[in-house]
Amino acid sequence: MTPSAGGRHSKLIGAAEIGPTLLRFGRDGCSVCLGGLFKQGRPVALVRELIRTGLSDLRLFSSPGSGYDVDLLIAAGRVAETFLPAVTLENRFCPSFRGAVERGEITAHAIDALTVVGGLMAAAHGVPFQPVAAWAGSDVTSLNPLARPIASPFGDEPLYAVPAIRPDLVLLHAQEGDEYGNLRNLSTMTYADALMARAGQHVVASVDKLVPNEAILRDPRGTTVAGIYVDAVVEIPFGAHPTASFPHYSMDESFIERFADLAEAGRRAGSTAEVTAYLERFVLGPADIFDYLEALGGYRALAPLEREARFL
Amino acid sequence: MSERYSTGELLAVLLARDLRDGETGAAGAAALIPMAAIMLARAMHAPNIQIAGEMFVNPRPRQLWDSMLDDRALGTCEASETFTELFGHSHRGLDFFFHSGLQIDAHGNINLHAIGPWDRPTLRGPGAANISYGVRSRRFYITATSHTRRNFVERVDFVTVPGNLDGPDSRARAGLVREGPRYCLTPRCVFDFDPETLRMRLRSLHPGHTLEEVVAETGFRFAADPEPATTVPPSDDELRVLRTVVDPRGALAPGRTARH
């Protein structure tokens, strides 16, 4: 972080600084929380960098729906525990998640959306827990380590409490942002990103495009996460790939399918060779985002995703 | 066996008929068939259905998708919300919601989490994002795209979303005060729930299916009239609107979901 003109500290980091930044904020066994949802707005480039740091035994949180990126983290052997409501590629299971749970390699807690959202709300609001009234009759409540029945101080309705969730490291992706960490989602859906930014201890965000601070000042209502909540911001073109970053690019369904096919083949065969080769090719091998894009077949290969996003 | 419509189209039509004008609901996670049902109901008889509860209000999808939870699927919408509003929607509840499951049991309980022991499952499923709509919504529908003894079981291994638990007493003890599951729609038949026991009972057989077949393919005992009613199949009008207005890309069409 270098002082910029006028003495205000920029939070802009370069691609080579992502790993050191994650190592400064995180440690083995720390909690990591990922923004976006399912196949949109996921901080996948930051997740690849997280895998490259070697940080392990991670305790993984996310917005209520996650898929490709958490499966990648699990395939890379970086995860000890998951606190994830829905883990799915939507049209099929997440092979690495499923395999790791079935083999007893990770602990996947029974969690639902209100657990995560409530815990983040409590952390953002500086209170020890969030009451939850809308649960009844589910094993998700009885087995959930983050749910306890409590008595209401004001009445006798049945209530639960979920503890504040204050992730060590929150990773977000937005379409635009400035050097001070102000993020601007141009997408319609923004999910739990703003809440996570307020709840996290350290927040690192990637943006497809860096914009000048003047652009943020012209439209303050367009700021979806204020820079005061963000510790570091990095410009990464296609930083959400293979998930979508609307209106810039759509989700790369065939890329996700190919990963799922080989991870599933490995799971069935009891073999790690498939995901090891995949990780080498797309995560550990490429030196930076441009290398990664080359491994995908270059920018030309991504143009259809931009066209699909524009058409919407 | 009819070649007129697919299983997906049949289920969408049956669900649409039960949605009322002015109600508010959402499609849930496995959105394809429920979303088709909501849009068909809007186009046929219920123009004032409001779609809300999943971080967007009244989306205008240009076509049907497996999931509804991204910008591509929703097209545009009248308002976007964030997950902090999930508490408010869970508190108020919706009029209707939809669930599917890895396992579905005789009392309409839904398992999306695990088959086998919880700490070492033989199959770990996706889990569920929001389990509160099944509890707080005025009613929900169970949709199944397959119907065998493997997924229709006496008791689920894990209750992700409670249906009727073990019957009326257990529902009351757990604090479940809404209607719960109204119908369970499968590729073979429609079940509803016996008001005394809250177990599934056969409501109607889809054309071309038999009671013997449903008994053989269901892993629990269910009440049935010896001469069950036949499901009223989709009308020409329903299929026309479904295919031209709701699903012009044919996501539900024969060949995409199993042919009926």
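## Worked exercises on a two-chain model

Strand 13 and strand 14 (residues 200-205) of chain B run antiparallel and are joined by five bridges. Strands, like helices, are DSSP runs numbered from the N terminus (E, at least two residues, for strands; H or I, at least four, for helices), and two strands pair if DSSP finds at least two bridges between them. The model is predicted, so local features need pLDDT of at least 70 and side-chain atom pairs count only at pLDDT 80 or more, while totals for chains, interfaces and linings use all residues. Residues are numbered from 1 along each chain as its sequence is written, and chains are lettered from A and ligands numbered from 1 in the order in which they are written.

**Exercise 1.** Check the length of helix 5 of chain A against its number of residues, and decide how enclosed the helix is.

*Solution.* 
- The expected span is 1.5 Å times one less than the number of residues.
- For the 13 residues of helix 5 of chain A this gives 18 Å, and the end C-alpha atoms are 18 Å apart, which agrees.
- Next, burial: a residue is buried if 20 or more other C-beta atoms, placed from the backbone, lie within 10 Å of its own, exposed if 12 or fewer, and partly exposed in between.
- Twelve of the 13 residues are buried, so helix 5 of chain A is largely enclosed by the rest of the structure. Among them are Leu114(A), Val117(A) and Met121(A).
- Just after the helix, Gly126(A) has a positive phi of about 70 degrees.

**Exercise 2.** Describe the side of chain A that touches chain B.

*Solution.* 
- Count contacts (C-beta atoms, placed from the backbone, within 7 Å): 47 residues of chain A meet 44 residues of chain B.
- Helix 5 of chain A gives the largest share of that side, four residues.
- By class, the side has 29 nonpolar, twelve polar and six charged residues. Here Ala, Val, Leu, Ile, Met, Phe, Trp, Tyr, Cys and Pro count as nonpolar, Asp, Glu, Lys and Arg as charged, and the others, Gly among them, as polar.

**Exercise 3.** Find backbone angles worth a second look.

*Solution.* 
- Recall that most residues other than glycine have a negative phi, and most peptide bonds are trans.
- Tyr191(A) has a positive phi of about 60 degrees and is buried, with 29 other C-beta atoms within 10 Å.
- Met55(B) has phi near 70 degrees and is also buried, with 26 C-beta neighbours inside 10 Å.
- Two peptide bonds are cis: His241(A) to Pro242(A), with omega near 10 degrees, and Phe246(A) to Pro247(A), with omega near 5 degrees.
- Pro242(A) sits in the loop between strand 13 (232-235) and helix 9 (253-269) of chain A, and Pro247(A) lies in the loop between strand 13 and helix 9 of chain A.

Notes
Contact = placed C-beta atoms within 7 Å.
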